[in-house]
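Here is a short briefing on a protein model and its ligand. Please look over the sequence and the 3D view before reading on.

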Amino acid sequence: MKKIQMVDLLGQYEKIQPEIDKAVLDVIRSSAYINGPEVKSFQAEFEKYLDVRHVIPCANGTDALQIAMMALGFQPGDEVITADFTYVATAEVIALLKLKPVLVDVNPDTFTLNPDAVKAAITARTVAIVPVHLFGQCADMDAIMGIAKEHKLAVIEDVAQAIGADYRLQNGSTQKAGTIGTVGCTSFFPSKNLGCYGDGGAIFTNDDELGKKIRMIANHGQSVLYYHDEVGVNSRLDSIQAAVLRIKLKHLDEYASARNKVADWYDQAFSNHPNIGTPVRFKNSNHVFHQYTLVLKNADRNKLREYLATKNIPAMIYYPVPLHLQKAYRDPRYKAGDFPVTEMLCANVISLPIHTEMNEETLKYITDSVLEFFPKN
Ligand SMILES: Cc1ncc(COP(=O)(O)O)c(C=O)c1O
């Protein structure tokens, strides 16, 4: 059996190798390494895929969040509400811009922002909500957009883990994750569902003015060369990465189906198991399964992980420490016990390998091994 990995990027590349190799070599031969035609074509194709007016490619997902917040003109001390259970990048940029991260708890079933907790966290200084579409499905965007509208707040969707997911709005329409709020931010980190072969990211919006400002800030605050209207940053997607992404974008929906097949297998193998909680699918979003994350009950997570390691099965803990208990984000406002759902998840989640190149033999080996670990009742 092939070595089991959390994600098999080489196996995926091998299936599209001739096309990728040619595209990369073409960029090298063109010498248009920065802002070349591949970047423009990728931008246009991604706008079409997402059905959004503006895609602004940038250097990575963290930059995407930072640039979006800069473009929205937030001032130091303004409060930005986000989930306590997320990757650090979401809160990092809030803190870096001297805004105040206001952390709230998540729903225990979907792991995404709890709208009641968001409501309770709003103050006169709140300027934005950052829902994180964690592990591959959207947060409750109807509820979040409703709260944002009522309090005139921006919504910055962190769609790094859910690119390609569809959200069914209460009004019956369907929109791509990241195109519902004021602005969407994503990452093309290699292991992401749409990953390039290095770093990359993008920001999307339907707001023409905001789109213009985002583009300017990502380009040193200039829209005319050497005339700088704002303090900006240098954040670019390079042409080689854009060329790779153009090819992989064509496969993105098929990649999501392959991931869903893996998730279905796992769901079935673990259904009704007394020690294993399988991911709950939120009714308004489809799931693109960036991660397949179990919540263990009355089980020793470390022992399970060690047991799987003896069978050469990797497993990861996303995320072991809630943001409010991270050293860098300690704040007198927060203490252990404040976010019980996040704290419970951090203590009990474990993610199994999920990617586009898994076969039944591997899946059976993994699920049999997990089930073997638990003593028979
Ligand atoms: C939820 C979330 N937000 C933001 C990021 C940051 O993306 P990047 O690593 O490209 O900066 C990531 C990925 O790493 C992520 O998972």
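Pockets are found on a 1 Å grid over the protein atoms alone: a pocket is an open set of points where a 1.4 Å probe fits, with protein on both sides within 12 Å along at least five of seven lines, and its lining residues have an atom within 4 Å of a point. Grid points are joined across faces, edges and corners, and a volume is the space filled by probe spheres set on the points. By this method, the largest pocket has a volume of about 560 Å³.

The model is predicted, so local features need pLDDT of at least 70 and side-chain atom pairs pLDDT 80 or more, while totals for chains, interfaces and linings use all residues. Residues are numbered from 1 along each chain as its sequence is written, and side-chain values use heavy atoms, without hydrogens and water.

**Largest pocket**
- The lining has 30 residues, and Tyr87, Gln161, Phe189, Lys192 and His290 are the closest to the pocket's centre.
- Helix H4 (61-71), helix H5 (89-96) and strand E8 (183-187) each give two or more residues to this lining.
- These elements are DSSP runs numbered from the N terminus: helices (H or I) have at least four residues, strands (E) at least two.
- By class, the lining holds 14 nonpolar, 12 polar and four charged residues.
- Ala, Val, Leu, Ile, Met, Phe, Trp, Tyr, Cys and Pro count as nonpolar, Asp, Glu, Lys and Arg as charged, and the others, Gly among them, as polar.

**Ligand**
- The ligand sits in the largest pocket, meaning that more than half of its atoms lie within 2 Å of the pocket's grid points.
- Around the ligand are Asn60, Gly61, Thr62, Tyr87, Ala89, Val132, Asp158, Ala160, Gln161, Ser187 and Lys192, each with a heavy atom within 4 Å of it.
- This shell divides into four nonpolar, five polar and two charged residues.
- Polar contacts are pairs of N or O atoms within 3.5 Å.
- A polar side-chain atom of Thr62 is 2.5 Å from a ligand oxygen.
- For the side chain of Ser187, the distance from an N or O atom to a ligand oxygen is 2.7 Å.
- For the side chain of Asn60, that distance is 3.5 Å.
- On its own the ligand has 390 Å² of accessible area, and the protein covers 92% of it (Shrake-Rupley method, 1.4 Å probe).

**Second largest pocket**
- Its volume is about 270 Å³.
- Its lining includes Asn35, Gln43, Pro57, Arg215 and Leu237.
- Helix H3 (37-50), strand E1 (54-58) and helix H8 (208-218) each supply at least two lining residues.
- H3 gives the most, with three.
- The lining has five nonpolar, four polar and three charged residues.

**Backbone details**
- Tyr318 and Tyr319 are joined by a cis peptide bond, with omega about 10 degrees.
- Tyr319 is in the loop between helix H10 (301-310) and helix H11 (340-348).
- His220, a residue other than glycine, has a positive phi near 60 degrees.
- His220 lies in the loop between H8 and strand E10 (222-224).

Definitions and conventions:
Polar contact = N/O pair within 3.5 Å; in protein donor to acceptor, adjacent residues only side chain to side chain.
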